[in-house]
Amino acid sequence: METSTFVYDGDCAFCTRCAQFIERRIPTGARVVPWQFADLAALGLTEAECEEAVQWVGADGSRAAGPDAIARLLGDSGPLWRFAGTGLRLSPVRAAAWPAYRWVARNRHRLPGGTAACALPQEARERLYGQTGRPGPNA
C-alpha cells in the first residue's frame, strides 16, 4: 500500500464532521475515507471493525483502532499534531483515552453534529435509509 488510510463511519454526522476537521486542519498524507466507500478487503478490515471504531491502516500494513488510530493519524501529521499523537500514546493517557473513546462512540448521536442515525447499527441504517444513506421506500 502506498498511502496510509484513516477510516471512519461516513453514515455518522458527528464522525463526518470530525473527518472534515481532519481534512481542513490536520496536515496528513493519509487518505481519510468513510468505510462505506473504502475497499475494506484491500485494507484488511471488516465492516464489524469499522462499525466498532475508526481504523488506521499504515502504508507499511500496520493497523490500529480507536484512539490508537487517532494517535497514528496525528503522528503522520505536522509537528504540533505529532506532539499530540505522541502524548496520546503515553500509557496513562492511552489508558484514559479508550474509555473516553467508547463513551463518545456510544453517545455520538447526542454530540454536536450527531444525528439519530449515528446511534443505529449499520444493518438498521441500511434497512431504514438504504445503501446510499437516503430514506428507503418503507421509511
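## Strands, cysteines and a helix pair

Val-32 is buried, with a relative accessible area of 14% (buried means under 20%, exposed over 50% and partly exposed in between, using a 1.4 Å probe and protein chains only). Keep in mind that this is a predicted model: local features need pLDDT of at least 70, side-chain atom pairs count only at pLDDT 80 or more, and totals for chains, interfaces and linings use all residues. Residues are numbered from 1 along each chain as its sequence is written, and side-chain values use heavy atoms, leaving out hydrogens and water.

Val-32 lies in strand β2. Helices (H or I, at least four residues) and strands (E, at least two) are DSSP runs, numbered from the N terminus. Strand β2 (residues 31-34) pairs with strand β1 (residues 5-8) in the parallel sense, over four bridges; pairing takes at least two bridges found by DSSP. Across from Val-32 in β2 stands Phe-6. To get from β1 to β2, the chain goes through helix α1 (residues 13-25), and this β-α-β crossover is right-handed, the term for a path from the first strand over the helix to the second that runs clockwise with the strands pointing away from the viewer.

Leu-43 sits in helix α2 (residues 40-43) and counts as buried at 8% relative accessibility.

| Pair | Separation in sequence | C-alpha to C-alpha |
|---|---|---|
| Val-32 and Ser-4 | 28 residues | 8.9 Å |
| Leu-43 and Ser-4 | 39 residues | 9.8 Å |

Now for the cysteines. A search of the whole structure turns up zero disulfides, a disulfide being a pair of cysteine sulfur atoms within 2.5 Å. For Cys-15, the closest cysteine sulfur is in Cys-12, at 3.3 Å, so that is too far for a bond. Cys-18 is in no disulfide either, with the sulfur of Cys-15 as its nearest cysteine sulfur, 6.5 Å away. As for accessibility, Cys-15 counts as buried at 14%, while Cys-18 counts as partly exposed at 33%.

Finally, the helix pair. The axes of helix α4 (residues 66-75) and helix α5 (residues 79-89) come within 7 Å and cross at roughly 150°. Axes here are lines fitted to C-alpha atoms, for helices over the stretch in contact, with angles from 0 to 180 degrees between N-to-C directions.
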